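Trainee: I am new to this structure. Please give me a close look at one part, and then show me how to read others in the same way.

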Amino acid sequence: TQPWLIIAITLFMLVGVAGKSAQIPLYIWLPDAMAGPTPVSALIHAATMVTAGVYLITRSAPIYTLVPQAQYIVAMVGAATALFAATIAVGQYDIKKVLAYSTISQLGFMVAAVGMGAYVAGMFHLITHAFFKALLFLSAGSVILGVERGHHAHAHHAAHDEKPKGKHKKEEHGHGHDDHGEVFDPGDMRNMGGLRKTMPVTFWLYMIGTLALAGIFPFAGFWSKDEILLDASLHFTSVYWQLTIAAFFTAFYMGRQIWMVFFGEARTDAAKHAEESPKVMTVPLMVLAVLSVAGGALNLPFEGFHNLGHWL
């Protein structure tokens with residue numbers, strides 16, 4: 001009887017969702033949170049805190065279904081965020097910042113899905129994204145530590161060089177690196193390159209996470225992202241095209257990251273002397289890699305396999 005009141009409630013909830021799940025225009029805080037420890041980043045940004053907004057809309061489905069206009073606004077905010085954040089990720093050089101903006105983009109996919117009323121698809125992508133984004137964040141931490149170990153090993157070797165050449169300074173893509181071992185950023189992808197040779201286990205785990213995030217068959221991300229795009233193509237054409245372009249950018253910026261980090265020649269001595277992470281780090285990544293491959297089985301689009309949909 002009071003449609004304007006319901007519209008107001010849904011829009012106020014959308015503001016909360018935008019702040020919690022980093023949607024336009026309240027997305028700025030999420031990349032800044034990357035300064036924290038990488039395991040914390042992985043937990044917060046893959047599985048718990050940022051996905052609460054998606055869950056809020058899903059739980060509020062009876063309210064949103066009363067107001068199609070509000071559903072459309074939510075879907076458009078999600079689609080715009082997915083595309084906008086993906087374009088920002090293309091220009092980042094910090095290995096974790098790329099993943100941070102990727103998280104914003106994937107949250108846009110989820111918000112767009114639940115805005116369209118595709119609650120199962122949105123929650124499905126929320127679950128699979130937790131698998132491969134946690135894998136990518138922790139693998140990025142493995143890369144950073146490997147490069148850092150290489151940097152320390154090279155600095156130690158240089159300090160004991162029999163023929164020191166006095167004070168020298170080497171510019172490595174904007175990071176001053178002198179004989180005192182001053183400024184060096186082990187998370188800057190411009191300081192990497194060729195790591196697939198020195199860190200092969202981390203490389204293959206990172207590739208699995210990348211293929212899942214890019215939505216490549218048969219990895220988990222393919223099944224959940226495809227379900228969102230299917231619903232969008234049937235009911236919201238403008239949302240569909242924005243999400244499709246965002247999906248292309250996802251594959252592009254992750255391919256760029258893989259190329260800069262793992263392929264080519266080592267661009268710094270730190271990358272050249274990088275060391276593989278111990279099993280205490282790589283074994284948990286292997287578990288997440290298995291989930292990133294097999295996670296799509298939770299909700300396959302075949303008769304008798306739509307388990308998540310029936311359960312929800």
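What is the relative accessible area of Leu5?

Mentor: Leu5 has a relative accessible area of 39%, so it is partly exposed. Buried means under 20%, exposed over 50%, and partly exposed in between, with a 1.4 Å probe and protein chains only. This is a predicted model, where local features need pLDDT of at least 70, side-chain atom pairs count only at pLDDT 80 or more, and totals for chains, interfaces and linings use all residues. Residues are numbered from 1 along each chain as its sequence is written, and side-chain values use heavy atoms, without hydrogens or water.

Leu5 is in helix H1. Helices (H or I, at least four residues) and strands (E, at least two) are DSSP runs, numbered from the N terminus. Helix H1, residues 3-20, gives the most to the patch, with 3 residues.

Now a residue under cover. Ala42 sits in helix H3, residues 38-46. Its relative accessible area is 5%, so Ala42 is buried. Ala42 and Gly141 are 99 residues apart in sequence, yet 9.5 Å apart in space, C-alpha to C-alpha.

Next, the rings. The protein has 13 aromatic pairs. Rings of Phe, Tyr and Trp (its six-membered ring) pair if their centres lie within 6.5 Å; planes under 30 degrees apart are stacked, over 60 edge-to-face, and the rest tilted. Phe203 and Phe262 have ring centres 5.2 Å apart and planes at 55°, so this pair is tilted. Phe203 lies in helix H10 (residues 200-213) and Phe262 in helix H12 (residues 237-262), 59 residues apart. Both Phe203 and Phe262 are buried. Phe203 also pairs edge-to-face with Phe263, at 5.6 Å centre to centre and 80° between the planes. Phe263 is partly exposed, because its relative accessible area is 23%. One aromatic cluster holds Phe203, Trp204, Tyr206, Trp259, Phe262 and Phe263.
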